[in-house]
Amino acid sequence: MASCQHSALRQDAEAVFAVAERRETYDTLHDTVSDIGRLRARLGLSHSAHWQGDVANDFSLPPDHAIARHDELVDRVSHAVSLYNRWRRLRGPWLLIAVFVAGAGIGIALGLALCLGLLPM
């Protein structure tokens, strides 16, 4: 505050920061406005035609290239669907092979049991 050149602004800042209750309110509002600025930047609104110049530049941030939660959700669902489709495509042949191997195994086991006399004929 001491380095502020504008006397009215400095007086207003001293009035706000001198009282702890006002300081907490200021910090809460500052966090909210900063969150809105980050949200605008992530949505690409900070650099649109209506937000150019000094009109709304106080809390405008450059885009941070963080992936939006919606895009992250779409990526996860797409990955899950591709895995499911791959499993479904491969399930048919592998199911047939598994049934054949199980049948052959049971047949061999019964044949051996009959040959060894473990099962009555």
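Author: Let's start with a term: a salt bridge is a side-chain nitrogen of Lys or Arg within 4 Å of a carboxyl oxygen of Asp or Glu. Please keep in mind that this is a predicted model.

Reader: Thanks! Why is the contact between Arg23 and Asp27 called a salt bridge?

Author: The closest N and O atoms of Arg23 and Asp27 are 3.4 Å apart. The cut-off is within 4 Å, so the pair counts as a salt bridge.

Reader: How are Arg23 and Asp27 placed in helix H2?

Author: They sit 4 residues apart in helix H2, which covers residues 20-42, and about one helical turn separates them.

Reader: What makes Arg23 and Asp27 partly exposed?

Author: Partly exposed lies between the 20% limit for buried and the 50% limit for exposed. Arg23 has a relative accessible area of 35%, and Asp27 has 31%, so each of them falls in that middle class.

Reader: How many salt bridges does a search of the whole structure find?

Author: The search finds 2. Besides the pair in H2, there is a salt bridge between Arg76 and Glu72.

Reader: How do you know that Arg76 and Glu72 form a salt bridge?

Author: Their closest N and O atoms are 3.7 Å apart, which is within 4 Å and therefore meets the definition. Both residues belong to helix H3 (residues 69-115), 4 residues apart, about one turn of the helix.

Reader: Let's turn to aromatic rings. What makes the pair of Phe17 and Tyr26 edge-to-face?

Author: A search of the whole structure finds 1 aromatic pair. The ring centres of Phe17 and Tyr26 are 5.1 Å apart, within the 6.5 Å limit, and their planes stand at 85 degrees, over 60, so the pair is edge-to-face. Phe17 has a relative accessible area of 26% and Tyr26 has 36%; both values lie between 20% and 50%, so both residues are partly exposed.

Reader: And how do you know that Leu116 is exposed?

Author: Its relative accessible area is 64%, and the label needs over 50%, so Leu116 is exposed. Leu116 is found in the segment after H3, and is one of the residues of a nonpolar surface patch with about 820 Å² of accessible area together.

Note on methods: Residues numbered from 1 in each chain as written. Predicted model: local features only at pLDDT ≥ 70, side-chain atom pairs only at ≥ 80, totals over all residues. Heavy atoms only, no water. Helix = DSSP H or I, 4+ residues; strand = E, 2+ residues; numbered from the N terminus. Buried < 20%, exposed > 50% of the residue type's maximum accessible area, 1.4 Å probe, protein only. Patch = residues over 30% accessible without salt bridge, like charges linked within 9 Å, V, L, I, M, F, W, Y side chains within 5 Å. Areas by Shrake-Rupley, 256 points an atom, 1.4 Å probe, with all protein chains shown as cover. Phe/Tyr/Trp six-rings, centres within 6.5 Å; stacked < 30°, edge-to-face > 60°.
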